There are 6 protein chains.
Amino acid sequence: MRIQVINPNSSASMTATIAAAARAVAAPGSEIIAATARGGPVSIEGHYEEAVATIAMLEEVRRGEAAGCDAHVIACFGDPGLLAAREIARGPVLGIAEAAMHAACFIATGFSIVTTLTRTRIIAEQLVRNYGMEHACRRVRATDLAVLELEDPASDARAKIIAACERALDEDGSGAIVLGCAGMADLTAAVAQALGVPVIDGVAAAVKFAEALVGLGLGTSKRGDLAYPLAKPYRGGLAHLAPLAALPA
Amino acid sequence: MRIQVINPNSSASMTATIAAAARAVAAPGSEIIAATARGGPVSIEGHYEEAVATIAMLEEVRRGEAAGCDAHVIACFGDPGLLAAREIARGPVLGIAEAAMHAACFIATGFSIVTTLTRTRIIAEQLVRNYGMEHACRRVRATDLAVLELEDPASDARAKIIAACERALDEDGSGAIVLGCAGMADLTAAVAQALGVPVIDGVAAAVKFAEALVGLGLGTSKRGDLAYPLAKPYRGGLAHLAPLAALPA
Amino acid sequence: MRIQVINPNSSASMTATIAAAARAVAAPGSEIIAATARGGPVSIEGHYEEAVATIAMLEEVRRGEAAGCDAHVIACFGDPGLLAAREIARGPVLGIAEAAMHAACFIATGFSIVTTLTRTRIIAEQLVRNYGMEHACRRVRATDLAVLELEDPASDARAKIIAACERALDEDGSGAIVLGCAGMADLTAAVAQALGVPVIDGVAAAVKFAEALVGLGLGTSKRGDLAYPLAKPYRGGLAHLAPLAALPA
Amino acid sequence: MRIQVINPNSSASMTATIAAAARAVAAPGSEIIAATARGGPVSIEGHYEEAVATIAMLEEVRRGEAAGCDAHVIACFGDPGLLAAREIARGPVLGIAEAAMHAACFIATGFSIVTTLTRTRIIAEQLVRNYGMEHACRRVRATDLAVLELEDPASDARAKIIAACERALDEDGSGAIVLGCAGMADLTAAVAQALGVPVIDGVAAAVKFAEALVGLGLGTSKRGDLAYPLAKPYRGGLAHLAPLAALPA
Amino acid sequence: MRIQVINPNSSASMTATIAAAARAVAAPGSEIIAATARGGPVSIEGHYEEAVATIAMLEEVRRGEAAGCDAHVIACFGDPGLLAAREIARGPVLGIAEAAMHAACFIATGFSIVTTLTRTRIIAEQLVRNYGMEHACRRVRATDLAVLELEDPASDARAKIIAACERALDEDGSGAIVLGCAGMADLTAAVAQALGVPVIDGVAAAVKFAEALVGLGLGTSKRGDLAYPLAKPYRGGLAHLAPLAALPA
Amino acid sequence: MRIQVINPNSSASMTATIAAAARAVAAPGSEIIAATARGGPVSIEGHYEEAVATIAMLEEVRRGEAAGCDAHVIACFGDPGLLAAREIARGPVLGIAEAAMHAACFIATGFSIVTTLTRTRIIAEQLVRNYGMEHACRRVRATDLAVLELEDPASDARAKIIAACERALDEDGSGAIVLGCAGMADLTAAVAQALGVPVIDGVAAAVKFAEALVGLGLGTSKRGDLAYPLAKPYRGGLAHLAPLAALPA
């Protein structure tokens, strides 16, 4: 099975981190097709950046569909463009925030999310509510780390993240931690070892759930709001995004 | 005051309907600046189309900001890109679904939304939940009309809409109707007269609430997730969307 | 257009503050008709006082209707008697808590309310829930100021309020502040200047939203629970409140 | 123990029905003190009537407190003025809607409410939400009976109510019925016998729960929003409602 | 009337505390039949222990039904097996957590629960949600006391509980306290005296509400999910739990 | 990896259906260890049967743990004893209702559950609420089929189920179907083919999600309410359920 893992931001170095996390958990028969957005912001830390990155992400989904990918993972914790991507995909499409939160529900009755900036904390809180996770997510915590600082070996990112996780366990009564940024994927094992509780990276979770869904023979429902986009003209600089040719009859 | 009213789809004929609805209610000192998305789908009836249209809409917001507009209205009932638009705007930004639902709360304890297709009905239900309107919105009803059929004088759109509204009053126990498509703006008066209850068009509501907010001296909060986008590189075909130059110091 | 702004408590000095706040934002064609409750408590800081003040407020609404007012504002942050007032009004009726919270939703994804006593804090929390604002109101904060202290120039009311607002921004992650008492209306500009975020006074917000609704041709729905009261006898000392004569055919 | 049962409307005949229902279930040591509102509407079928009736009801609570009553029951299904009454009472105060819904939770996982008019149905739905009963109340059904029709032996009230209850059991999946009007109190046994499921009259439920709470030594909390009203002047025709003299030190 | 009060754990000493609390509030005509689980854990502090204790509790309910008990109280704050017990009972069955929370709603608009260990705190939070009490329960607080420590006169249990309650009043804005363990029943009066607010022991509350429901002629609904278990074979060591013979025709 | 799939009812024929469904989707390296409850009811259609079956299920979990199973699936749609099982397991434990609902969230924005009897419908609705799935589950539908009828080739079970699913698609606006009984596992493919939308069997979904979680290195959190049961005496006929010896140091 071929699973496309899309980094919606345009930083290839972060794609490498993401792809490694995906490949580390992929089943023997799974091929990870890593893709980097070919345009848009180098990191995603707000609604505007999500909106722009969504376009680049959707183009990758179209490429992945054309290439016969069986499933798609959107590897940014804001899950940008998730429902739009589902419309144009035959197979399952998973966001990493969504996947991580669902995974946490299976192994703990309460979890905390540890993310980067305050503005992404607020966005993560909106996702918690969208996904019906208020009963399970006990708190979202920011670390005041920028996404790209996570890649800087000289930063104290790891220590700050572990400190935030420890406060989560002590103060929130949580039994598991969700790491709230694709760029934290390579820290999962270290954080889990430090804390002694399950720590969930959404990239890995999304890959495994994608494998599970494909293994179940389940694709995105084509009845209702996730049906393929209707055939209609698209104008101007965005005309190439018209879905006409790409869709099944 | 200058209020930019943006039609996120690329159909100029629909912009004319929207602009007329806006101007019909604008206060003497309000100038309505109507804008049509310069690219993207000719109508918006799904998540994918919303995502593509958002880019074109955001470009119009940037133009409107540069032109000194005091407020912006996103004239599509799905409120595409609303939070992204707020990030790049100084003044208030209103979605027409949001504006219509808030207006309904002031004049009735329960309302129904009458919209076009089933897939847009599902999206409208998601907005109801996002906006905390479950206690007030008693039902969303589809009419099986496509957005562009609303413009066809030969269609039976008006009769279908009135019939759906009547069922809403009878079966839902609603006291007001929200018309769930910008393309219905010119039907508001006729539907209200037929029903004898308040009927709300989101375009008009958004314009009046925009005037109200500007009159209160209120703009979009620049603290938290609606702060201006961070300065960072944007790559590829989307590089022109980088907000760097456009933002206040 | 004539907008009646009713101070439900019987303190004329507070009415002056409220009327000034209303007139400061009213559009050129709007006439503000300020009214003070002719009976009941001098300030409203609890459910019992709200219940008594409601009677006096309803009598003012009846006077306002008889005088041809186009809309009514209930200028007490508990929104006492709001639904009852709507039953006897043709035009829109707005509570200032409701108006302020709706305004906040248009310009921020989260807000805090700063109010007076702990008991009014609890009542404000109940309003937040009634209005479906749990997703947007991040916290209600009390200042331990009595309502009438706000009028005392020797009190440190302003400093206490600004301090509470600053804690709200720091700890709650809010992007805007709602001032939770009609008596704070004259502090709005100063608090906004001190904080650098939008600060919302419900009196001003309600006036502008009333103008907006009247401008849209929208009045209170007369279908359902807000229909005019049924014709029936009222006995005893409250007989003069029987709505019989006042109602449209 | 002395339990004051207050009919908030001014119809003595309905008070007789209510008092009989209360006395039929009262424990040997319980004295039922029935009181009729000395002013206000003869029946309560809307927000406005509730607001007016609240004043008369509160006066009865004050009389009951002065007479040493240990608990108070507000015998109108809208629970008008419940929190205001609690502020001025030492002992427990129960609304009959509240009592009936809580009783239903103990004996069924889902219940339906059968009430009178559509406008009272909407108000009952608001109570369901206020009391956190959405998970248990599966539906509120109107019978299109006016409150005072219930007293008319020539009406087909009983048959209409039983028919609505039967639909509730069939269509709503409910295990119990709550009768949504104090005026239905004398029909409880007949309806229960016809249906074969528990049928709850709020008057009886409130009396028994009042006995239970007094037996537990529990009165209304005087900390927070239910503390006695603050001492302050009341003006005009409502001055006699000032709580000053009546309150404990 | 005969009310069976079942201690689901197998500690007879705790049953004595529970029975004393029940008898202290029982009405003159009420006979308290105290029962101790004949098997299972000596205290209940987790989901697993609840599951095992449920079996022993259900056997006592069957004995109580056979002995003609009119109602049953499950005297463990987790309300283990509540719905299962209701299926096999004719009369009402009350959990003490449920009863305490409902009692709190009648006398305060907000309450806090003070319980034993952190793991029982989490379980109590789940009950709060199950019972629709999120609007009323402002916080659940743990004291880090084990259930059986409550019986040790040398422990500082009482002081720790009072300290937790005082924090609840100061920080949570609650008007009443629910004691979150059957083993705290004998501390109720002392805690209430120390705090000056209503303090609710679920054992006493459940007994009084059971009396109330029986007095109303209400038993568990036998329509829907609480109907008697279906007649079918039970195998193996659990065959004696088959409900066949015990059920009414 | 070894995945234990436990049929909590004592019908070996149903275990065969469940095991076949599990093995049909298991990955090459996964061994399915099917277990039948060694006691208790032959089918589970109510709270009481769930409580009894939980004991037998927990004993199988203990056997599975002792045998080194990496994960456990509770193959009954009521998810009986799920949290209790998690306490005594090192690896993940999945309920099939939970797994099916989570799977549905990944591929549709709304789903319907089609189950057996009305009483199991009510229980499924309770699960929907417990799992925070109200936003996604649009309706639970009963078919009036008993669990064991599903095994009878002469019954019209398949036709009834497909008919209920078709109504779900038409009336509920759902994009996917969840089959609400382990005994329906062998009908999944046929129903999916008839409907043309994704149809989810919880047994298969739970097996694949168990594989995913084990592949992620995630087990049940041992911090908080899912920690191993505390060491304490168990008395009477249930003494063998004491977890003392079985737990890790």
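This is a predicted model: local features need pLDDT of at least 70, side-chain atom pairs count only at pLDDT 80 or more; totals for chains, interfaces and linings use all residues.
In chain A, 4 strands make up an open sheet, and their order is β7-β6-β8-β9. The pairing is parallel. At the edges are β7 (137-142) and β9 (199-201) of chain A, each of which pairs on one side only. Looking from one strand to the next, the twist averages 25°.

Select helix α7 (residues 188-195) of chain A as well. Helix α7 lies across β8 and β9 of chain A, and its course is at about 170° to β9(A).

For a single residue, move to chain F and select F:Val199. F:Val199 belongs to strand β9 (residues 199-201) of chain F. Is F:Val199 buried or exposed? F:Val199 is buried, because 28 other C-beta atoms lie within 10 Å, and 20 or more is the cut-off for a buried residue. To see some of these surroundings, display F:Ile177, F:Leu179, F:Thr188, F:Val191 and F:Ala192; these are the contacts of F:Val199 once its neighbours within four places in sequence are left aside. Then draw a distance between the C-alpha atoms of F:Val199 and F:Val178: the separation is 5.9 Å, although the two residues are 21 residues apart along the chain.

Return to chain A and bring up chain B beside it. Here 43 residues of chain A are in contact with 43 residues of chain B. The largest share is that of α2(A), with 10 residues. Colour the side of chain A that touches chain B by class, and the tally is 22 nonpolar, 12 polar and 9 charged residues.

Zoom out to view chains A and B as a pair. Chain A is superposed on chain B by a rotation of 180° with 0.0 Å of shift along its axis, at an RMSD of 0.0 Å. That relation is a two-fold axis. Both copies use the same surface, since 100% of the contact residues of chain A recur in chain B.

Chains E and F can be treated in a similar way. A rotation of 180°, with 0.0 Å of shift along its axis, places chain E on chain F with an RMSD of 0.0 Å. Here too the same surface serves both copies, and 100% of the contact residues of chain E recur in chain F.

Finish with two pairs of chains that have no contact. Chain A and chain D are not joined by any contact, and their closest C-alpha atoms lie 15 Å apart. Between chain C and chain F there is likewise no contact, with the closest C-alpha atoms 15 Å apart.

Note on methods:
Residues are numbered from 1 along each chain as its sequence is written. Chains are lettered from A and ligands numbered from 1 in the order in which they are written. Two residues are in contact if their C-beta atoms, placed from the backbone, lie within 7 Å. Helices (H or I, at least four residues) and strands (E, at least two) are DSSP runs, numbered from the N terminus. Ala, Val, Leu, Ile, Met, Phe, Trp, Tyr, Cys and Pro count as nonpolar, Asp, Glu, Lys and Arg as charged, and the others, Gly among them, as polar. Copies are superposed by least squares on the C-alpha atoms of residues with pLDDT of at least 70 in both. Two strands pair if DSSP finds at least two bridges between them. Axes are lines fitted to C-alpha atoms, for helices over the stretch in contact, and angles run from 0 to 180 degrees between N-to-C directions. A residue is buried if 20 or more other C-beta atoms lie within 10 Å of its own, exposed if 12 or fewer, and partly exposed in between; C-beta atoms are placed from the backbone.
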